[in-house]
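Welcome, and thanks for taking a look at this one with us. Please have the sequence and the model open side by side as you read.

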Amino acid sequence: MSDVSKNTCVNCKYFIQHYVKLKYKFRKIECGHCINNFMKKSEKAKTIKTMGFCAFWEYNDIADKDCDIEKVLIETAENLRKIERFLHSD
């Protein structure tokens, strides 16, 4: 389900990944649902069950944005460490 190189549900903009909370973290589970209003409920279920391609598939660029957010957070953490070192150096 994690193959993002194919036009499957898992990387479609209409696919909502399901998660389970384990202690203090959320983990992906091997299921989700489709929020595309142009598909019938039965078509959605069949497509998601097989993780197949449908005519309404559109690339989900959120995953790319998540990588950008992670990069910004890492850079922000490093900048905060620099500020902390500066404040303690006085």
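Here is a short tour of the aromatic pairs and the cysteines. Please keep in mind that the model is predicted. There are 2 aromatic pairs, and a search of the whole structure turns up 0 disulfides.

**Aromatic pairs**

- Phenylalanine 38 and phenylalanine 56 form a stacked pair, because their planes meet at 15 degrees, with the ring centres 6.2 Å apart.
- This pair links distant parts of the chain, 18 residues apart: phenylalanine 38 sits in the loop between strand 2 (25-34) and helix 1 (41-50), and phenylalanine 56 in the loop between helix 1 and helix 2 (62-88).
- Phenylalanine 38 is exposed, at 66% relative accessibility, whereas phenylalanine 56 is partly exposed, at 32%.
- Tryptophan 57 and tyrosine 59 make a tilted pair, since their planes are at 55 degrees, and their ring centres lie 6.5 Å apart.
- Tryptophan 57 is buried, with a relative accessible area of 18%, while tyrosine 59 counts as partly exposed at 42% relative accessibility.

- Cysteine 9 takes part in no disulfide, and the nearest cysteine sulfur to its own belongs to cysteine 54, 6.4 Å away.
- Cysteine 9 is buried, because its relative accessibility of 8% falls under the 20% cut-off.
- Cysteine 34 is likewise in no disulfide, and its nearest cysteine sulfur is that of cysteine 12, at 6.3 Å.
- Cysteine 34 counts as buried, with a relative accessibility of 16%.

Terms used
Residues numbered from 1 in each chain as written. Predicted model: local features only at pLDDT ≥ 70, side-chain atom pairs only at ≥ 80, totals over all residues. Heavy atoms only, no water. Phe/Tyr/Trp six-rings, centres within 6.5 Å; stacked < 30°, edge-to-face > 60°. Helix = DSSP H or I, 4+ residues; strand = E, 2+ residues; numbered from the N terminus. Buried < 20%, exposed > 50% of the residue type's maximum accessible area, 1.4 Å probe, protein only. Disulfide = S-S within 2.5 Å.
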